[in-house]
Amino acid sequence: MPQLIVLGVQDRDTADHALEIAADLDKRELLHLSDAAYAYQDEKGRPRIHQTVNTTGMGAAGGALWGTLIGLIFLNPLLGLAVGAATGAVAGKLTDIGIDDDMIRQIGGELEGGRCAVFLLAEVETADRAVEAFKPLGPTVIQTNLSKENEQELVEALRS
């Protein structure tokens, strides 16, 4: 079952670096990343979200494929492609998978001083190697769905 870990980092560059680390750990199969994002406040103090999964694009691609196939059946593949892509894009835009956007916005709205919150939804295979990878970023644990004992172990491991 994936665990949600929210880490506080210094700025957007560090948040981007954290997502790169998570993607690298995923490639090396040290964790299985389901979703990742970061939140920050813009110059006007509004929470902004940077997500790694583009559901609109995925929906459009899937809709285009199915639309073309259905269009071939009815002898009009171009119309099927256009209708399928549009329908898929709308469905993708309305789909919320992974980390809850409302929670991301809420935590993002509480950030101060240019700080960012990095959200990772993953199954961690080798916790010690994952902690070592993130430790140089100097993150603080904001929230997790780990047990209190495991969360405390994570906090202490990131500090030392």
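This is a predicted model: local features need pLDDT of at least 70, side-chain atom pairs count only at pLDDT 80 or more; totals for chains, interfaces and linings use all residues.
**Pairing, strand by strand.** I then followed the pairs through the sheet. S2 (residues 31-41) and S3 (residues 47-51) run antiparallel and are paired over five bridges, and as one example I looked up Gln 41, whose bridge partner in S3 is Pro 47. Between these two strands the hairpin has five residues, and there I noted Gly 45, which takes a positive phi near 85 degrees. S2 is also joined to S4 (residues 116-124), again in the antiparallel sense, by eight bridges, with Leu 33 having Ala 122 in S4 as its bridge partner.

**The chain as a whole.** To place these elements, I went through the protein chain from its N terminus and wrote down the run β-α-β-β-α-α-α-β-α-β-α, which comes to six helices and five strands. How much of the chain is buried? Of its 160 residues, 34% count as buried. I also noted that the chain exposes about 9600 Å², of which carbon and sulfur atoms supply 55%. Among contacts between residues at least 6 apart in sequence, 73% join residues that are at least 24 apart.

**Salt bridges.** My search of the whole structure for salt bridges gave five, and I looked at several of them in turn.

In the bridge between Arg 28 and Asp 24, the closest N and O atoms are 2.9 Å apart. I checked how open this pair is and found Arg 28 partly exposed, with a relative accessible area of 46%, while Asp 24 is partly exposed at 34%.

Arg 48 and Asp 42 meet through their side chains in a salt bridge of 3.1 Å, N to O. Is Asp 42 buried or exposed? At 13% relative accessibility Asp 42 counts as buried, because the cut-off for that is under 20%, whereas Arg 48 is partly exposed, with a relative accessible area of 35%.

The last pair I looked up was Arg 105 with Asp 102, whose closest N and O atoms are 3.4 Å apart. Where do these two residues sit relative to each other? Both belong to helix H4 (residues 101-109), and because they are three residues apart there, about one helical turn separates them. In this pair Arg 105 is partly exposed, with a relative accessible area of 40%, and Asp 102, at 53% relative accessibility, counts as exposed.

Conventions. Residues are numbered from 1 along each chain as its sequence is written. Side-chain values use heavy atoms; hydrogens and water are left out. A salt bridge is a side-chain nitrogen of Lys or Arg within 4 Å of a carboxyl oxygen of Asp or Glu. Buried means under 20% relative accessible area, exposed over 50%, partly exposed in between (1.4 Å probe, protein chains only). Helices (H or I, at least four residues) and strands (E, at least two) are DSSP runs, numbered from the N terminus. Two strands pair if DSSP finds at least two bridges between them. Contact means heavy atoms within 4.5 Å. Accessible areas come from the Shrake-Rupley method with a 1.4 Å probe; for residues, only the protein chains shown count as cover.
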